[in-house]
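The entries follow in the order I made them.

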Amino acid sequence: MLDFLSEDWGNLASVAGLIFSILAFIFSKRASVAARQARAAVLRRTIAEDLNTANRTASDVVAYVAMERGDMALLRVSELLNLTSYSIARWDDKFSEESKNNLLSVREQLQSIHDVLAKGAIAELEPKARLRLKLACQRVSSTYSQEYGTATKLTDSDGQHG
C-alpha cells in the first residue's frame, strides 16, 4: 500500500485536484445564477420604489387640487413629470408594453395638468374645467397605483419562486 502511494501520489493528487476543480466550477455556476437572480430582484424592487414614490406624489397632487392649492399642485406635478420621464428612460427595457404605454399616457396627462395649473388659480377655473382637472389628476394617481401594484406583484412572485 505504501509502495502504491509513493509511486502514484502524483496521479492521486491530480485526480483529487480534478474533482475539486469540477466541484468549484459547479458551485461557481450556481453562485453566478443566484447573483443574476438577486440583481434582477433588486432592479424590480427599485422599479417598485420609483413607482411608489410617483404614486404618493400623484396622491399629493389630487389632494392639493381638491384644496385648490394650485401652487403646491404645480410643484408636485413638475416633480412627477420629471420622475415619469426618468422612470421611462431608466426602466424602458424592464417595463411591459402596457406599462410603458400607461406611463407615456400619464406623462401627456401631467403635461396638460401642468399647463392648466400654470395659467392661474384653480378657483378661477370654470366649474367644468375644475372638474376635468380633478378627474385628470385622479386618473394619473390611479394609473400610478396600478403600475406600483404591478411592480410589487412581480417582486412578490420573485420572492416566492427564488
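This is a predicted model: local features need pLDDT of at least 70, side-chain atom pairs count only at pLDDT 80 or more; totals for chains, interfaces and linings use all residues.

Entry 1, surface patch. Val15, Leu18, Ile19, Phe20, Ile22, Leu23, Phe25, Ile26 and Phe27 form a nonpolar patch on the surface, and together they have about 900 Å² of accessible area. I checked one of them, Val15, which lies in helix 1 (residues 2-66). Val15 counts as partly exposed because its relative accessibility is 47%, between the limits of 20% and 50%.

I counted 4 helices and 0 strands in the protein. Along the sequence the pattern reads α-α-α-α. Of the 162 residues, 28% are buried. The accessible surface comes to about 10,600 Å², and carbon and sulfur atoms hold 57% of this surface. For contacts between residues at least 6 apart in sequence, I noted that 72% join residues at least 24 apart.

Which residues touch the most other members of the largest nonpolar core? I found Ile113, Val140 and Tyr144, in a core of 27 residues. Helix 1, helix 2, helix 3 and helix 4 each supply at least two residues of this core. Helix 1 gives the most, with 7 residues. I then listed the contacts of Ile113, leaving aside neighbours within four places in sequence: Val77, Leu133, Ala136, Cys137 and Val140.

Entry 4, helix 3. Helix 3 (residues 97-119) has 23 residues and spans 34 Å from its first C-alpha to its last, close to the 33 Å expected at 1.5 Å a residue. I listed its buried residues as Ser99, Lys100, Leu103, Val106, Gln109, Leu110, Ile113 and Leu117. For the spacing in that list I kept a general point in mind: an α-helix has 3.6 residues a turn, so residues three or four places apart point the same way.

Is Lys100 buried or exposed? Lys100 counts as buried because its relative accessibility is 18%, and the limit for buried is under 20%. Lys100 sits in helix 3. Not counting residues up to four places away in sequence, Lys100 touches Asp92 and Phe95.

I looked at Arg76 and Asp60, which form a salt bridge with their closest N and O atoms 2.7 Å apart. This pair links distant parts of the chain, with Arg76 in helix 2 (residues 70-90) and Asp60 in helix 1, 16 residues apart. Asp60 is partly exposed, because its relative accessibility is 28%.

Arg130 and Glu68 also form a salt bridge, the closest N and O atoms being 3.8 Å apart. This pair too links distant parts of the chain: Arg130 is in helix 4 (residues 127-161), Glu68 is in the loop between helix 1 and helix 2, and the two are 62 residues apart. Glu68 is partly exposed at 36% relative accessibility.

I also recorded the salt bridge between Asp71 and Arg69, at 3.3 Å from N to O. Arg69 has a relative accessible area of 36%, so I put Arg69 down as partly exposed.

Note on methods
Residues are numbered from 1 along each chain as its sequence is written. Side-chain values use heavy atoms; hydrogens and water are left out. Patches are made of residues with over 30% relative accessible area and no salt bridge: like charges are joined within 9 Å, nonpolar side chains (Val, Leu, Ile, Met, Phe, Trp, Tyr) within 5 Å. Accessible areas come from the Shrake-Rupley method with a 1.4 Å probe; for residues, only the protein chains shown count as cover. A salt bridge is a side-chain nitrogen of Lys or Arg within 4 Å of a carboxyl oxygen of Asp or Glu. Buried means under 20% relative accessible area, exposed over 50%, partly exposed in between (1.4 Å probe, protein chains only). The expected span of a helix is 1.5 Å times one less than its number of residues. Contact means heavy atoms within 4.5 Å. A nonpolar core is a set of buried Ala, Val, Leu, Ile, Met, Phe, Trp, Tyr and Cys residues joined through side-chain atoms within 4.5 Å.
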